[in-house]
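Here is a short tour to read beside the coordinates. Keep the viewer open and follow along from one chain to the contact between two.

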Amino acid sequence: MSEIVRIYGNISKFDMRSVLTDFANGLQYRSLWMAFAANEIQARYRRSILGLAWIVVSYLMLVGAIVLFFGSFSQMSQVDFVLYVALGFAGFQYIVGNISDGCDVFRASTAWIKSTPLPYSVYVYIRIVRSVFPFLLHMATALIVMAFMGWRPDWGALNVIPALAIFLIVSPPIQLMFGLIATRWEDFSHLVSAVTRLLFFLTPVMWVYEEQGGLRYYVATANPITHFLEVFRAPLLGQPFPFHSWAIVVGFSVLVWIAAIIVGALMRRRLPFWL
Amino acid sequence: MPHVYVENVSLTFPLYSANAVPTTRSGKDDAPNIIRNKSGRLIGVKSLTDVDLELNSGDRLAIIGANGSGKTTLLQVLAGIYPPDEGYVEIRGTCTNLININLGMQADVTGNENIMLRGLAAGHRREEIEEQREQIAEFSQLGEFLDMPVRTYSAGMQIRLSFAIATAFKPEILLLDEWLSAGDAAFKARAVERMNSFVSEAGILVLASHSKALLQANCNRAIWLERGRVRAKGEVENIWDAYIEDQAKRRA
C-alpha cells in the first residue's frame, strides 16, 4: 500500500489547480456518491405508498396540463407538441434543478464538510446523480407515452447522446459556482430562486419560439437554456441538426467552466468558514 | 510509518455577517486574539497562532486547554477540514477523526447504511467494509438498532457507532475530541481498551479532553494551548498540573 501523504497549507490566494484536482479527486469516490444519492432518493419516498412512481406521476400531470391548456396556441401537430413539451420540461427541470440545487449543495452538506476532508466536488456529484435519476425517468416516460401515440424516431435521434453528455459536462461547474457564491452571500440564493421562477416563462417549454416574433423571440434566443433544450429536443422530434444552438451550447459550457474555475480558485479555500 | 508535522500554523476564523455587528465595547479590553477592523467591528478570531508540533508513531498526544483555547480547531486543521492561513501541515498515514459527534452521520438512513457511507468516505472498498461490518456491530452493541434510522438513536448510541466505525479500519492516526467522555462508564472502558490496542500497533493518537483520567489513561505526551498558542509541552502529568494551577490562580 502506498503511503498516504496529505499536505495542508502553503495555499495561495488564487489557486486554479486546486479546483481541478478537487473535481478529479471527487470522481474517485464514485461508489460513495452513488450510495449517497441512492440513499437520499429512497429516503425521500420511503414513507409514501406510490414511492418512486411519484416522479413519473407528477411529471405526467404537469405535462398533461400544459398540453391541454397551451396546445391550441401552437401550430405544431398534437403528437409533436406533446413530445415538445414533455422533453422540454424534462430538460428544463434538469438544468434549472442544477442551478437551484447548486445554491444549497454545500449548506446541505455542512455536517460532512465539517467532519470529513473529502473533495468538495463529492457533494456536487451526489446532487448531479440525484437529478440525473428523475431526468432519465422523465425522458423514458415521455418516449414510452409517445411511442404509444405513434411517434417513431429516426437515426438522427441518436444525436440526443451528445446532448445528454453536454448536460452532464455543464452540471459540475454550475453547481460549484452557484454553491460557493450562495454559501458566501445568502442573498444570492434568494435572487436565483426568483430568477429561476421567471425562467420557466422565458424559456420555450410551453411555447414554440420559432413561431413567435418580436420580444418573445428575442428573449428565447438570448436565453442559453433555450439552446440547451434545442440540442436535446430537436433530434428526438426529427428536426434538422441544430448547428446554431450547438455552437452556443458548447461556447456557453466553456464559459461556465472558466467562470467556475475562477470562482473556485478565489473562494473554494474559504468554504468551511462560511458554513 | 505515520507521521504528523505541523509548522508555524496560524488560523483566523473570519466572522461574516450581512449586517454590521454593533460594537458594544471599545475593544480596549479585548482578548489579544480578537481581530477588529478600523471602525471597531469584529471581523475575526485568531484561533491558532504559530503552532508547532511533530508526532511520530506511538505518540499519544493530549491537548489540554480551557474552552476556546483552540483545541478543536487544531484537531480540525490536522483532520484537513480547515486549511491553515499560514504555516504548513503534513500528515503521513491514514487519518480518521471523531471531532464532532453529531456530524457526518446521515440521520435518515439506517446505522448499517451509515457504516457503508462512512467506510466509503474514508476511501475503503465495499468488500473491505463488509468484512468489518460484524465487528463494528459487535463493538457498538447496537443489535437490531443498526437496521433503524440513526435519528432514532440516543446520543450514547451514536457515539458508540461513530467510534466503532472510526476505529474499525485501523487508522494510523486517530483524532478525538472531548465528546468521548459523554459515553457511559462501560463504553469509556471499552473505548480506552480499543484505543490502547490500536496505539500499540504503532499508530498516533491525538486526544483533546478536560478529563485528567482519560488523558492519563491514553496519552504519553501533552501540549497546553492558551488562546491559540502553545503555552507548554511535556509530560501529561506535569502539563496537567501546571494547567490546573494556572486555572486556580485565575480564579483567585
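## A hairpin in chain B

Trp224(B) stands opposite Ala232(B) in S10(B). S10(B) covers residues 229–234 and runs antiparallel to S9(B), with five bridges joining the two; strands count as paired here if DSSP finds at least two bridges between them. Strand names follow DSSP runs (E, at least two residues), as helix names do (H or I, at least four), numbered from the N terminus. Two residues lie between the strands of this hairpin, and Arg227(B) takes a positive phi near 45°.

Please bear in mind that this is a predicted model, in which local features need pLDDT of at least 70, side-chain atom pairs count only at pLDDT 80 or more, and totals for chains, interfaces and linings use all residues. Residues are numbered from 1 along each chain as its sequence is written, chains are lettered from A and ligands numbered from 1 in the order in which they are written, and side-chain values use heavy atoms, with hydrogens and water left out.

How confident is the predictor? On pLDDT, its confidence in each residue from 0 to 100, chain B has a mean of 86, and 90% of its residues reach 70 or more. The model scores ipTM 0.87 and pTM 0.91.

## Salt bridges

A salt bridge here is a side-chain nitrogen of Lys or Arg within 4 Å of a carboxyl oxygen of Asp or Glu. The count over all chains comes to 20, and two of these cross the interface of chain B and chain A. Two examples:

| Pair | N to O distance |
|---|---|
| Asp85(B) and Arg269(A) | 3.3 Å |
| Arg229(B) and Asp50(B) | 3.9 Å |

Arg229(B) lies in strand S10 of chain B and Asp50(B) in strand S3 (residues 42–56) of chain B, so this pair links parts 179 residues apart in sequence.

## Where the chains meet

Counting contact as heavy atoms within 4.5 Å, chain B gives 38 residues and chain A 35 residues. About 3300 Å² is buried between chain B and chain A, 57% of it on carbon and sulfur atoms; buried area is the accessible area (1.4 Å probe) that two parts lose on being put together, summed over both.

Which strands pair across the contact? Strand S1 (residues 5–9) of chain A pairs with S5(B) in the antiparallel sense over five bridges. There, Ile7(A) stands opposite Glu90(B) in S5(B).

Conventions
pLDDT = per-residue confidence, 0-100.
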